Amino acid sequence: EEDDPLDAFMSGISQQLKVEHQKASSGKPAKAAVEREFHEEADAVELYLNYKETHKDYGAVFSSGSGYNSDEEVYAAARAADQEYDSDGMPRKSKKNIDALAPLDHSKIEYCTFEKCFYSECPEVSSWSQDERKAVLSLLEAVVAGFQPVQPVTEWTHMGLEPELLKAILGHGFVHPTPVQCAAMPAILSGRDVIATAKTGSGKTAAYLLPLLVHVL
């Protein structure tokens, strides 16, 4: 008759407990009581509570109920949250102290002019009637929303791209822009904030990257 696996397992545990009990009764501390068998890392919460118990002034400034009274207190709270503790519950020394960055007065800094708008509606698109503009949206199966949305287009030439960029696009076989590119790129090139949703593989990434290249060029 085969031994039940569960009975064999419980029997092994009983034998281990007997050995530990014999070691304890002999007056010699069991090795398992001195160090953890698997060198398990001490629980962080336990270490934190031990440290807090031995340092009564820890967090005194934050327990008054009046909130933080200064930037120093906020920084102190952040440091306390990031503090690591050793197995004795004592805070570990950080490898290096990093001071907070000094605040900047942007009014005293001279920044280069940043151009955001690189798009102006081409004459062909400007000549479209209201019905033609609606027909383009229907053709693209696109919905455009927002404050005074920029009119979607249908061709690369409508976007006013640099000749070098346009040549590279056509040279890679992209004869016509995809619907999401037709709808999103004019707005992005106009410096507008755009969130575009479309299926995977519809050309969303290029719709954002091509205007980026226009900025670079």
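Gln 148 lies in the loop between H6 and H7, where helices are DSSP runs of H or I with at least four residues, numbered from the N terminus. The model is predicted: local features need pLDDT of at least 70, side-chain atom pairs count only at pLDDT 80 or more, and totals for chains, interfaces and linings use all residues. Residues are numbered from 1 along each chain as its sequence is written, and side-chain values use heavy atoms, with hydrogens and water left out.

Gln 148 has a positive phi of about 45 degrees although it is not a glycine. Most residues other than glycine have a negative phi. With a relative accessible area of 60%, Gln 148 is exposed; the term exposed stands for over 50% relative accessible area, buried for under 20%, and partly exposed for what lies in between, using a 1.4 Å probe and protein chains only. Glu 141 is also found in the loop between H6 and H7. Its phi is near 55 degrees, a positive value in a residue other than glycine, and at 74% relative accessibility Glu 141 counts as exposed.

Leaving out residues up to four places away in sequence, Gln 151 touches Tyr 119, Glu 121, Val 125, Trp 128, Arg 133, Val 136 and Pro 186. Touching, or contact, means heavy atoms within 4.5 Å.

Two of those neighbours, Glu 121 and Arg 133, are also partners of each other. Their side chains meet in a salt bridge, 3.4 Å from N to O. The pair links distant parts of the chain: Arg 133 sits in helix H6 (residues 130-140), Glu 121 in the loop between helix H4 (71-82) and helix H5 (123-126), and the two are 12 residues apart. Arg 133 counts as buried, at 16% relative accessibility, while Glu 121 is partly exposed, with a relative accessible area of 32%. A salt bridge is defined as a side-chain nitrogen of Lys or Arg within 4 Å of a carboxyl oxygen of Asp or Glu. Side chains of opposite charge can pair when their charged atoms come close.

How many salt bridges does this rule give? The count comes to 2. Asp 105 forms a salt bridge with Lys 108, with the closest N and O atoms 4.0 Å apart. Asp 105 is partly exposed at a relative accessible area of 37%, and Lys 108 counts as exposed at 71% relative accessibility.

The next topic is the nonpolar core. In soluble globular proteins, nonpolar side chains tend to be buried together. A nonpolar core is a set of buried Ala, Val, Leu, Ile, Met, Phe, Trp, Tyr and Cys residues joined through side-chain atoms within 4.5 Å. The largest one has 25 residues, of which Trp 156, Met 159, Leu 161 and Met 185 touch the most other members. H6, helix H7 (163-171), helix H8 (179-189) and helix H9 (204-216) each supply at least two residues of this core. H8 gives the most, with 7 residues.

Leu 161 touches Trp 156, Ile 169, Met 185, Leu 189 and Val 214, not counting residues up to four places away in sequence. Val 214 has its place in helix H9 and counts as buried at 10% relative accessibility. With the same exclusion of residues up to four places away, Val 214 touches Phe 118, Leu 161, Leu 165 and Leu 189. Val 214 and Leu 165 are 49 residues apart in sequence and 8.0 Å apart in space, C-alpha to C-alpha.

The last topic is a patch on the surface. Leu 209, Leu 212, Leu 213 and Val 216 form a nonpolar patch there, with about 370 Å² of accessible area together. Accessible areas come from the Shrake-Rupley method with a 1.4 Å probe, and for residues only the protein chains shown count as cover. Patches are made of residues with over 30% relative accessible area and no salt bridge, with like charges joined within 9 Å and nonpolar side chains (Val, Leu, Ile, Met, Phe, Trp, Tyr) within 5 Å. Leu 209 lies in helix H9 and counts as partly exposed at 45% relative accessibility.
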